[in-house]
Amino acid sequence: MIESSLASLGAKVVVASSSDENHPPENITDGNTNTFWMSTGMFPQEFIIRFAEPTDISTVTVDSYNVKHVKIEKNTSQSASQFESVTEKEFQQTEGHLQSNAISLNGSGAIHLRLIITSGYDHFASVHRVSVQN
């Protein structure tokens, strides 16, 4: 299995429910855990990642902070609509270091991946990196 940063796969964040100019959504795909996207408060928060081409995903790894519960959805169409639910996961709270959660997608094929943060451990949550294994 090969783990890749999303930017190296030509993936881009095409939708984000909130944006802070100092912590933009593009930071999710750069592969660097020192940069991050931060929610602007309130839940749910979501972002949609578009791959350059259909991509089989066995595992998605999310490095985050203060995220409590995530839903992952996908689609295989060219438009970022009509998603199907893939899985949900509750993250353990961490103090002073990032949460790192590998979530199995069982080789799901996707053009778009939507991550919905349904709740957090604080008013604000951050996502530092999303990577995939295929």
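Mentor: Arginine 114 counts as buried, because its relative accessibility is 19% and buried means under 20% relative accessible area (exposed is over 50%, partly exposed in between; 1.4 Å probe, protein chains only). The model is predicted: local features need pLDDT of at least 70, side-chain atom pairs count only at pLDDT 80 or more, and totals for chains, interfaces and linings use all residues. Residues are numbered from 1 along each chain as its sequence is written, and side-chain values use heavy atoms, without hydrogens and water.

Now the partners. A salt bridge is a side-chain nitrogen of Lys or Arg within 4 Å of a carboxyl oxygen of Asp or Glu. By this rule there are three salt bridges. Arginine 114 meets glutamate 46 in one of them, at 3.6 Å, N to O. Here arginine 114 sits in strand β7 (residues 99-120) and glutamate 46 in strand β4, 68 residues apart. Strands (E, at least two residues) and helices (H or I, at least four) are DSSP runs, numbered from the N terminus. Glutamate 46 is partly exposed, at 22% relative accessibility.

Arginine 114 also forms a salt bridge with glutamate 73, with the closest N and O atoms 2.4 Å apart. Glutamate 73 lies in strand β5 (residues 67-75), 41 residues from arginine 114. Both glutamate 73 and arginine 114 are buried. Shared partners join Glu46, Glu73 and Arg114 into one network.

Aspartate 63 and arginine 129 form another salt bridge, at 2.9 Å, N to O. Aspartate 63 is in strand β4 and arginine 129 in strand β8 (residues 126-133), so this pair ties together parts 66 residues apart in sequence. Aspartate 63 is buried at 4% relative accessibility, whereas arginine 129 is partly exposed at 25%.
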